[in-house]
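Biologist: Please show me the model, and then let us go through the terms used for it one by one.

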Amino acid sequence: FCKAGKEPLSFKGVNTVGLKRRNFNSERINQIQNIYRIIYLEGRNTSQAIDKIEKDIDDSKDKEMVLNFIKNSNRGIIKGILD
């Protein structure tokens, strides 16, 4: 769901254009943006971000997909804009 760029490679935002092209509605895109905002823009470490997402974001297949990816990653996730 996200864009990455620069050197070293880091998070650059949610790919809203690609999501719209794949017929994601605005509510779904907003939820994805909120998930990534918690992960990358609010100054939390990964485990704190997971806890907040689990508590504050409504359940959806997108939320489940992002959290499963992070939890099952052996090497961690890409660095954020502020890292």
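Modeller: Helix 3 passes helix 4 in a left-handed crossing. This is a predicted model, where local features need pLDDT of at least 70 and side-chain atom pairs count only at pLDDT 80 or more, while totals for chains, interfaces and linings use all residues. Residues are numbered from 1 along each chain as its sequence is written, and side-chain values use heavy atoms, with hydrogens and water left out.

Biologist: What makes a crossing left-handed or right-handed?

Modeller: A crossing is left-handed if the near helix is turned anticlockwise from the far one by less than a right angle, and right-handed if clockwise. Helix 3 with helix 4 is the left-handed case; helix 2 crosses helix 3 in a right-handed way, and the crossing of helix 2 and helix 4 is right-handed too. The helices themselves are DSSP runs (H or I, at least four residues), numbered from the N terminus.

Biologist: Why is helix 3 called roughly antiparallel to helix 4?

Modeller: Their axes come within 11 Å and cross at roughly 155°. Axes are lines fitted to C-alpha atoms over the stretch in contact, and angles run from 0 to 180 degrees between N-to-C directions. Angles over 145 degrees count as roughly antiparallel and those under 35 as roughly parallel, so helix 3 is roughly antiparallel to helix 4. T46, I50, I53 and E54 of helix 3 make the contact (heavy atoms within 4.5 Å) with K63, L67, I70 and K71 of helix 4.

Biologist: How do you know that helix 2 and helix 4 are roughly parallel?

Modeller: The axes of helix 2 and helix 4 cross at roughly 30°, coming within 9 Å. That angle falls under the parallel limit, and therefore the two helices are roughly parallel to each other.

Biologist: And what makes helix 2 roughly antiparallel to helix 3?

Modeller: Helix 2 (residues 26-40) and helix 3 (residues 46-56) have axes that cross at roughly 150° and come within 8 Å. This makes helix 2 roughly antiparallel to helix 3. I35, I38 and I39 in helix 2 meet A49, K52 and I53 in helix 3. By class, that contact has five nonpolar, no polar and one charged residues.

Biologist: What is the class make-up of the lining of the second largest pocket?

Modeller: Its lining has 11 nonpolar, no polar and no charged residues. Ala, Val, Leu, Ile, Met, Phe, Trp, Tyr, Cys and Pro count as nonpolar, Asp, Glu, Lys and Arg as charged, and the others, Gly among them, as polar. The lining residues are F1, C2, Y36, I39, Y40, M65, V66, F69, I70, I77 and I78.

Biologist: What makes a space a pocket, and which residues count as lining?

Modeller: On a 1 Å grid over the protein atoms alone, a pocket is an open set of points where a 1.4 Å probe fits, with protein on both sides within 12 Å along at least five of seven lines; lining residues have an atom within 4 Å of a point. The largest share of this lining, four residues, comes from helix 4.

Technical notes:
Parallel < 35°, antiparallel > 145°, perpendicular 65-115°, else oblique.
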